[in-house]
Amino acid sequence: MVSGTLFHGRRHSWPCEDYVPRPTLQLLESDHGAPPQQAWRRRLNSHANILKEFSVTFMEALKMVRLGFRLWTYVKEERSHGRKAPIDPFTRERSKPSASQGVPLGGMGSGSICRGFRGEFRHWQMIPGMCKASPMLANQFSIFVSRDGGRKKYASVLAPGRPEELGKGDDFGISNWDWALDGQHSTYHALFPRAWTIYDGEPDPELKISCRQISPFIPHNYRESSLPTCTFVYTLVNTGKERANVSLLFTWANSIGGTSHFSGGHVNEPFMSDDGVRGMLLHHKTAEGYPPVTFAIASCQTDNVDVTVLPCFGLSNRSYTSAKDMWVTMREQGHFDEENWNEGCSIASLPGEGICAAVSASAVVEPHGTCSVVFALAWASPKVKFMKGSTYFRRYTKFYGTSVDAATNLAHDALMDYQRWETEIENWQLPILNNEKLPEWYRFTLFNELYYLVAGGTIWTDGGLPVEEDKDKMSCSQKRSRKKENKAENKAEVRVTVSVETDHTNHVAEVQRLNGYNGVADTDFNALQDQNFENCGQRTEMNSGSSTDYDYVLLADEENVGRFLYLEGVEYMMWCTYDVHFYASFALLDLFPKIELNIQREFAKAVLIEDKKKVKFLAEGNWGIRKVRGAVPHDLGLHDPWLEINAYNIHDTSQWKDLNSKFVLQVYRDLVATGDMTFGKDVWPAVCASIEYMEKFDRDGDGLIENDGFPDQTYDTWTVHGISAYCGGLWIAALQAASAMADKLGHKEYAAKYTRQFQRAKAVYEEKLWNGSYFNYDSGTSNNSYSIQADQLAGQWYAWASGLPSLFDENKIRSALQKIYDFNVMKVRGGRMGAVNGMHQNGKVDETCMQSREIWTGVTYGVAATMLHVGLEHQAFTTAEGIFLAGWSEDGFGYWFQTPEAWTIDGHYRSLIYMRPLAIWAMQWALNPPKAVLEAPKINLMEREHASQFHAGLAAVAEAFKHVHQNGPCSCSSSQSGCSWKCTC
C-alpha cells in the first residue's frame, strides 16, 4: 500500500549515509565499492507490494464492448497461428507484477535480463516480443565464510528472506539452500547502468560486502553499448581480527526464463583461458525453432582468487548432482573439485529435467584487509528471429562473430574492460550529478529512466539483410501459411532511386508490381521529381528482395550502425511506435544520434510505400489496407518488422492527424541537432509527401486540419471533434518546421508555400481555440470541448526544441502552461502525481474516457520540458517531480524500473515498462540544448520578433547552464518557491 506521506511533504535529498553508515562507506571507497552520492535507494527488506492494474468504469466498458469482443476474437485467432497479438489484455503472466524491479543487465538490442533490487534475475526477453517476468530462483549469488579454523561459519544466498515459491526443503532442490539473509542492514543503490548492493555485516557481522553491477551502456559508443554482457564486482572488507576464508558462488540455470529449462536438449561445459578467465558455458536449445542461446558465467583466477566450477547440478535428484548436494559441498569445502575442468560437455538434458551450473571464486581476506572478486555474465544469441520467419544477425556479431561460443570472449572482455566502462560512464554522468542547481531526484531519475533502452525489448541488428538460410527455409512452409491466412495479400515491391545532379535532383519512385498489384498513389508524388537540390552527392536505395525493405547506400565516411527496434511497451508489442517515439526520441537523439537518424530513415522510407494487404480495424469493425502511401505508419510492425509494418489495428492510423506532423517535426529537429545535411536530403521527399497527404484533412480549406470525430491520434480512446489543440498545434508546428527545412535545403518555393500555409493555419487555430487563458481541447460542442488538455502545446514544445520561433505570443503560451500547472497538476493530490490529461474548468478531472482521466508519465515529462523552454523552472520541476513521487519514491506506488504508460489518480497502472517516459530527456534537452540548436538560423519568413525573443531566451538558458558547469554550485540556498538552477550569483 502507498504510504500517506506521499501526499504530505516532499523529500529533497536521499544521502547515502541514511542507508549505509559512514564508516562502512569509507571502508568500501578504497575499491570504488561505495555507492554514489546521488542514486535511487532501497533497503533489501523493503516490502515489494503487488501492483494494482487499472480498470475501466461501467460506462467505459459499455462504450468498448464491441471493441472488446473483436479484440478477443483477434487474439484467439492469432494464438491459433502460434502468434501473439500486439495488444492482448486477456492473457496474464502467472506471477503478478510487484514493486521489485532494478537495473537491467547488458547493453542494448541483444536480449535483456532484469535484476530486481533484491537480487533476483527476472523479466527475460531473449526472443523478440516475448517477456518471461517470473524470476529464475536458481540464479543467485551466495557467500560462504569460514573463520577461526572453521569454528565460525556463515553461509547464505545473497538475497533477503526465503522466496514464497519454494517448498519446505524436503526435496533435493534450491529450497535446501541457506536463505539466511535478513536484509535489514543491506541496501540497494541504482544509477543506471550501474547498481550497488551493500551488505553491511550480513551474513558475517565482521565482513562488509559491496556488489557493483556494471553494464556497457556508454553514449556514442556504438560497439560496446551493443554487447550482451555485464560484470559484478565484489569488494570484501574484513573488519575482524581473524583471517576470513570467503567463497562467492554464482549459480545459473540453463534457461531463458519461464519453464524453458525443462524443454530438454541443454548442455553445459567448462572453459578457461590462458590469462586466468575461467567459467561455464550453458548451451540452451531454444524451443519452437528459435535460435539457440549460450550463457557464460565466469570469474578471473588471480594470486589470491581461486576459481572452480561445477559443470552440472540438477533441480531434482535425478542423473546429476542435486542442488542440495552442491550446497553441502560448498558449505563444507568452500570450492569444487579441480577435476571438474576436465569434464567437457555434459550429457544433454532430458525434457522435464532442469540443469544448472556454478562458478565459485574463493579468496582469503586478511584482518582489516580488502579483496576484490569479479564475475562476468554474458549471453550469445547471434541470430534474432521474428515470428513470421525473418532472421537477422545482432549488432554485436560485427565484433564477436556469429558463433554462440562468442559468449566466452564476451565474458572475458567484460572482465578485462569493465574499469574503462566505468570511467566512460562516470565522465558522462558526473557533470549532471554534480550540478547542485538541479533537484536531486531529477539527477538520478534522468539516468534511471534509461533502463528502457535495455529492458524495452530492444533489437539491434548488424544492418545486413535477413539471413539467407532462414529465408530459404521460410520460402515453402512459411509462405504457404501466409497465403492460407490471406489469399488476397498483395505487396508492392519498391525500388526508389534518388539521382542527384549538380543543379537539381530527380526523385524517381519506381514501383515494381507483384502479383497483379496495380495500385495508384493517393498522393501526387510527381512533384517530388522536380525539387531543386544543391551540392548533393548521389545516393541510391537498393531493393533487397522484400516488399518494403531497402537501404540507403552508405557514403565513404558513414558508419553502418545497424538497425534498431524497441517496443512501445512490453504489454503493447509494436516496434518503434511512432506517436510514442515522438516523446521518447530525445534520449536516443542525445545519447545515440546515429540510431535516432536510422529510425527516422526507416519511417521516411515507409511513408513512400503502400501495402494493400487487407486489415480489419477493431474499434469500428471496418476493413482497410495495411499501409497507405503518404501516411506515416504507426509502427514498424511486430512479427516481421520493416517488412510488414503497422501491427496496430485498433484504428486505421492512416486517418490519424498526429503521425505525419510528428514525422516532420522529428526529422527537422534531428537535422538541426546533428547538422547531417545528407540525412536531411534523404528524408526530404518523405517530408513533402507527409505534408501533402495531410492537406486532405483540411475539409473547409482554411489551412488547418480537422479531426474526424473519433480518437484519431495518440490518445486513441479520447474522441476529438473539429479543430483540436493537440493535432492542430502539431500541424502548425510541422508547417513551420517544413518551411525551415526547405529553406535549409535550398527549396525556396517550398519554404514560401509552407510559410503561407503556416500563417493561415495559425490565425484560424488561435481564432477557434484560444479562450483567453488556454487553448480549448477542440472546436466541437461536446461536454469536454473546453477541457484543459495537458498536452495542448506539444507543437510549441517541438518548435522550441528545434530552435524555431514561438508559434504564438509568449504571453499566451505562459498563460496556457500556468493553467495546466494550476489545474492539471496542482489540483491532483497537490501536484504529487504528475499532470492529468484532461481537466474541466471547474477543477474536476475530465472523465470523458479512460485516457482523459489518466496521468501519462511521458506526457508529464514533455509538459515539464515545455515549461523549461519558457523559463517556468519551478512549475516544470514540480510537475515532473509528481512522476518521481508517485512512481519512484519509497512512499509511492512501486513503479521503479517499470514506469508505466499511465496511472489513475488512485495509482492504478496501465501498461508497465513503457517507452514514453524516456521523455524526461526532453527536459535535459531544454536545460542544455545542443549548440547547433542554439545557433539554428532565424527563419526570415516567420515573425521575426518571435524568433529574436526566443533565441535570446534560449541563449540565456544555455549561458546559465554553462555558468553552473564552470563555477560549480552557487552560494545561495535553494528556495522552496522556485528552482535556483539558473542562479548566477
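This is a predicted model: local features need pLDDT of at least 70, side-chain atom pairs count only at pLDDT 80 or more; totals for chains, interfaces and linings use all residues.
Local features were taken at pLDDT of at least 70 and side-chain atom pairs at pLDDT 80 or more, while totals for chains, interfaces and linings use all residues. Residues are numbered from 1 along each chain as its sequence is written, and side-chain values use heavy atoms, with hydrogens and water left out.

Helices (H or I, at least four residues) and strands (E, at least two) are DSSP runs numbered from the N terminus. Two strands count as paired if DSSP finds at least two bridges between them. Strand β9 covers residues 207-214. Seven bridges join β9 to β8 (residues 194-200), and the two run antiparallel. Gln213 of β9 is the bridge partner of Ala195. The β8-β9 hairpin has six residues between its strands. Gly201 in this hairpin takes a positive phi near 85°. Strand β10 (residues 229-238) is also antiparallel to β9, with eight bridges. Here Ile214 stands opposite Thr231 in β10.

Burial was assigned from relative accessible area with a 1.4 Å probe on protein chains only: buried is under 20%, exposed over 50%, and partly exposed in between. By this criterion, eight of the eight residues of β9 are buried. Both faces of the strand are covered. Leu207, Ile209, Cys211 and Gln213 lie on one side. Lys208, Ser210, Arg212 and Ile214 lie on the other.

Helix α11 spans residues 578-591. Its expected span is 1.5 Å times one less than its number of residues. Of the 14 residues in α11, 13 are buried.

A nonpolar core is a set of buried Ala, Val, Leu, Ile, Met, Phe, Trp, Tyr and Cys residues joined through side-chain atoms within 4.5 Å. The largest has 311 residues. Phe232, Leu450 and Tyr566 have the most contacts inside it. Helix α15 (residues 725-745) gives the most to this core, with 15 residues. Leu450 touches Phe192, Phe217, Trp428, Ala587, Leu591, Leu918 and Trp921 (heavy atoms within 4.5 Å), not counting residues up to four places away in sequence.

A further sheet is open, with three strands in the order β33-β34-β35 and antiparallel pairing. Its edge strands, β33 (855-856) and β35 (909-910), each pair on one side only. Two bridges link β34 (residues 902-903) to β35. Trp903 stands opposite Tyr909 in β35.
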